[in-house]
Amino acid sequence: MTLASLLLVVLASFIHASWNLLAKRAASVGPVFVFAYNLVACVAYAPWVIWLLAQGGVDWTREGIGFVLLSGLIHLAYSLCLQRGYRVADLSVVYPVARGTGPMLSSIGAFLILGESPTGTGLVGLVLVILGILLIATQGRLAAFTRPGGQAGVRWGTATGGLIASYTVVDAYAVKALGIAPVVLDWFSNLLRFFLLLPLVLANPRRAMAAMRGHWWTALGVGLLSPLSYILVLAALTGGAPLSLVAPMREMSMMVGALMGMLILREAVGPWRLAGCGVLIAGVILLSAS
């Protein structure tokens with residue numbers, strides 16, 4: 001993996017952790033919040049997409065349109081599943097389970113579907129990344145996953161992780177094999193989600209506005225940051241970085257989230273989370289060297 005691709009993935013991790021912290025604050029709003037931040041994303045990134053379309057840089061084919069539609073549907077299911085998980089369970093359970101199972105399944109998909117060849121160093125790095133994520137989340141206490149709320153978190157986190165793996169493999173094929181620009185793929189995916197969620201809002205606009213009261217600034221932040229973090233990841237894939245390495249490396253966001261909690265929120269990190277950060281960093285180093 002090139003240094004440029006590595007830097008893109010690291011930057012994406014910082015941005016990803018930031019928007020997930022914001023999304024957790026609006027977990028009670030549900031699908032209406034997903035609609036709101038998709039609206040922000042569609043408006044904010046429209047000029048960039050229009051410019052690319054005007055340049056004739058997009059060669060639309062039946063296969064390309066099909067993958068854009070499939071990407072939008074999977075991303076919608078992911079967004080709804082993630083918000084539901086945040087509503088019924090703790091962030092510290094849902095987020096790591098989702099971000100741990102996602103890269104594992106994505107890497108398997110890259111090996112089986114995209115034909116990427118696994119290396120011994122890469123596989124060890126993948127295992128270390130997942131182990132580091134679990135250490136950061138549980139702080140060595142697996143009881144977090146056995147409590148009733150923890151069990152719900154595991155279920156929703158696993159479902160979310162499966163959807164993460166699905167859209168990661170689909171989108172990687174779209175940008176690497178079909179040549180669809182990352183921002184174009186993400187924008188049309190957001191646009192599809194917007195129209196699919198629009199009837200839900202129009203059914204009772206007053207209730208939707210009431211649900212969003214006090215959450216519009218949060219939606220603005222998520223709407224700007226969420227697409228950007230993913231566009232950077234897709235750009236790394238477009239630059240030739242293998243999905244089996246990029247998928248686990250982007251989960252550095254778990255480490256970033258733990259450090260943000262320590263530095264910004266003054267949360268107690270403890271030895272287990274510090275150990276998890278160390279294990280995760282070691283895994284990323286192995287992945288980048290493979």
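This is a predicted model: local features need pLDDT of at least 70, side-chain atom pairs count only at pLDDT 80 or more; totals for chains, interfaces and linings use all residues.

User: How do you know what span to expect for helix H7?

Analyst: Helix H7 covers residues 182-202, which is 21 residues, and at 1.5 Å a residue these should span 30 Å. Because the C-alpha atoms at its ends are 30 Å apart, the model agrees with that expectation.

User: Which residues of H7 are called buried?

Analyst: Among them are Pro182, Val183, Trp187, Phe194 and Val201, and the word buried is used for a relative accessible area under 20%.

User: Why is Lys24 called partly exposed?

Analyst: Lys24, which is found in helix H1 (residues 3-25), has a relative accessible area of 27%. Because that value lies between the limits of 20% and 50%, Lys24 counts as partly exposed. Lys24 is also 8.2 Å from Arg87, C-alpha to C-alpha, although 63 residues separate the two in sequence.

User: What makes up the largest nonpolar core, and which residues have the most contacts inside it?

Analyst: The largest nonpolar core has 60 residues, and those with the most contacts inside it are Phe33, Val183, Leu185, Met212, Val222 and Leu237. Elements that give two or more residues to this core include H1, helix H2 (31-54), H7 and helix H9 (216-238), while the largest share, 11 residues, comes from H2.

User: What does Leu237 touch, leaving out residues up to four places away in sequence?

Analyst: On that count, Leu237 touches Ala172, Val175, Lys176, Pro242, Leu243 and Val246.

Technical notes
Residues are numbered from 1 along each chain as its sequence is written. Side-chain values use heavy atoms; hydrogens and water are left out. Helices (H or I, at least four residues) and strands (E, at least two) are DSSP runs, numbered from the N terminus. The expected span of a helix is 1.5 Å times one less than its number of residues. Buried means under 20% relative accessible area, exposed over 50%, partly exposed in between (1.4 Å probe, protein chains only). A nonpolar core is a set of buried Ala, Val, Leu, Ile, Met, Phe, Trp, Tyr and Cys residues joined through side-chain atoms within 4.5 Å. Contact means heavy atoms within 4.5 Å.
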